[in-house]
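Here is a friendly walk through one protein model, written for someone who likes to have the residues at hand. Please keep the viewer open as you read.

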Amino acid sequence: MQCALFDAGRCRSCQWIELPVYQQLSAKMTDLQQLLAAHPVAEWCAPVSGPEQGFRNKAKMVVSGSVEKPLLGMLHRDGTPEDLTDCPLYPASFESVFAALKPFIARAGLTPYNVERKRGELKYLLLTESQLDGGMMLRFVLRSEAKLEQLRAALPWLQQQLPQLKVITANIQPVHMAIMEGEKEIFFTDQQALAERFNDVPLWIRPHSFFQTNPTVASQLYATARDWVRALNIKHMWDLFCGVGGFGLHCATPQMTLTGIEISPEAIACARQSAAQLDLTDLHFQALDSAEFATGQGRVPELVLVNPPRRGIGKTLCDYLSQMAPDFIIYSSCNAQTMAKDFGHLPGYRVERVQLFDMFPHTAHYEVLTLLIREQTL
């Protein structure tokens, strides 16, 4: 993939951009195989990849520059701003949004936040697009509520320019730290969630709920998990760290009891909304800590699916799963290093199947899906 920003030395986020995709995949597979060298794998599935460019469904843009000439992109380590609106990872549909947002910032009088001076109001712009209908969610991350009414008064012009904006909010982040968002969200639209659909499964995206950034590969990840679970003929399943329910909603059947656990109430609201649309009655989504929920249960499901953050599930939950001994564990990981460490705390299981998903082309990062089988069931 050609990138003028990389060629000019203005952005180095895609460290592997000069490597052909097949070489990137090969390097990632080698890394994964080395990490799992201590755990014999029965089946290595072919890696899954998607488009090289234009694949992202979201943009997280630091706002810098001046109110008259804002820059949308990032700050280098020395504090120098860089405009990334021409980044080829963003789809063509983002171009018109970025083009309208720059004059809108001036219209609304939203002075970009200056990190060094600790002055200004607008810190970030967070944009998410639905692949279902092209609808978008736009979030203005502000230092305070001082400019809320100015922003509200200027919005009709922006909505006229960009009718695809279905959800618009202001997020208040008052802390002088590199934190993307605060706890308080103020909606400017009646609609508060963005509709999405993967593999005919309805999904919803709310401001504080995590959602995958590569829809093409994410839909294949969910479909693969569904196929693995269906082949096992599961009647009772837990989906821990379930997020908006992508895995559990794909895997669920009318004959299955499924419990999805996620600490974010916003994500659970999305999952429940999707479950209602699917008309599946034995799905139970709860906003709880996954480890605390699991270790407090008595009834053992046949399968536990975990999709933890980068830190992994940790020794405490691994030890409890080993004691609880479900027949199967499906582990979805965005950090194979912590996943491999967790496997070391699951001695009663063997690795049956592994598949790599290239969610982040041109970088060393990847996702991996793994099926573990309890030794006694073989």
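The model is predicted, so to speak of local features a pLDDT of at least 70 is needed, side-chain atom pairs count only at pLDDT 80 or more, and totals for chains, interfaces and linings use all residues. Residues are numbered from 1 along each chain as its sequence is written, and side-chain values use heavy atoms, with hydrogens and water left out.

**Salt bridges**

Side chains of opposite charge can pair when their charged atoms come close. The structure holds 13 salt bridges, each being a side-chain nitrogen of Lys or Arg within 4 Å of a carboxyl oxygen of Asp or Glu.

| Glutamate 82 | Arginine 10 | 2.7 Å |

For accessibility, buried means under 20% relative accessible area, exposed means over 50%, and partly exposed lies in between, with a 1.4 Å probe and protein chains only.

Glutamate 82 forms its salt bridge with arginine 10, and the pair links distant parts of the chain, 72 residues apart: glutamate 82 is in strand S4 (residues 81-83), while arginine 10 is in the loop between helix H1 (4-7) and helix H2 (21-35). Glutamate 82 is buried at 12% relative accessible area, whereas arginine 10 is partly exposed at 34%.

Arginine 143 sits in the loop between strand S6 (136-142) and helix H4 (148-161), and glutamate 121 in the loop between helix H3 (93-108) and strand S5 (122-129), so the pair ties together parts that are 22 residues apart in sequence. Here arginine 143 is partly exposed at 30% relative accessibility, and glutamate 121 is buried at 6%.

Glutamate 181 is partly exposed at 27%, while arginine 139 is buried at 4%. A network of salt bridges links Arg139, Glu181 and Glu185.

**Helices**

Helix H5 (residues 215-232) has 18 residues and reaches 26 Å from its first C-alpha to its last, close to the 26 Å expected at 1.5 Å a residue; that expected span is 1.5 Å times one less than the number of residues. Among the buried residues of H5 are Leu221, Tyr222, Trp228 and Val229. Asparagine 233, with a positive phi near 55°, follows H5.

Which residues of H10 are buried? They are Ala336, Thr338, Met339, Ala340, Asp342 and Phe343. Because 6 of the 8 residues of helix H10 (residues 336-343) are buried, this helix is largely enclosed by the rest of the structure. The cover over the buried residues of H10 includes H2, H9, S15, strand S16 (349-357) and strand S17 (367-374).

Alanine 294 belongs to helix H8 (residues 290-295) and is buried, at 0% relative accessibility. Leaving aside neighbours within four places in sequence, alanine 294 is in contact (heavy atoms within 4.5 Å) with Trp238, Leu240, Leu317 and Tyr320.

**Positive phi angles**

Aspartate 279 is not a glycine, yet has a positive phi of about 60°. Aspartate 279 lies in the loop between helix H7 (265-278) and strand S13 (283-287), and is exposed at 64% relative accessible area. Alanine 325 likewise has a positive phi, near 55°; alanine 325 is in the loop between helix H9 (314-324) and strand S15 (328-333) and is partly exposed at 21%.

**A pocket**

On a 1 Å grid over the protein atoms alone, a pocket is an open set of points with protein on both sides within 12 Å along at least five of seven lines, and lining residues have an atom within 4 Å of a point. Grid points are joined across faces, edges and corners, and a volume is the space filled by probe spheres (1.4 Å probe) set on the points. The second largest pocket has a volume of about 340 Å³. Of the 15 residues that line this pocket, the closest to its centre are Gly65, Tyr113, Asn114, Val115 and Glu116. The lining divides into 5 nonpolar, 6 polar and 4 charged residues, where Ala, Val, Leu, Ile, Met, Phe, Trp, Tyr, Cys and Pro count as nonpolar, Asp, Glu, Lys and Arg as charged, and the others, Gly among them, as polar.

Terms used. Helices (H or I, at least four residues) and strands (E, at least two) are DSSP runs, numbered from the N terminus.
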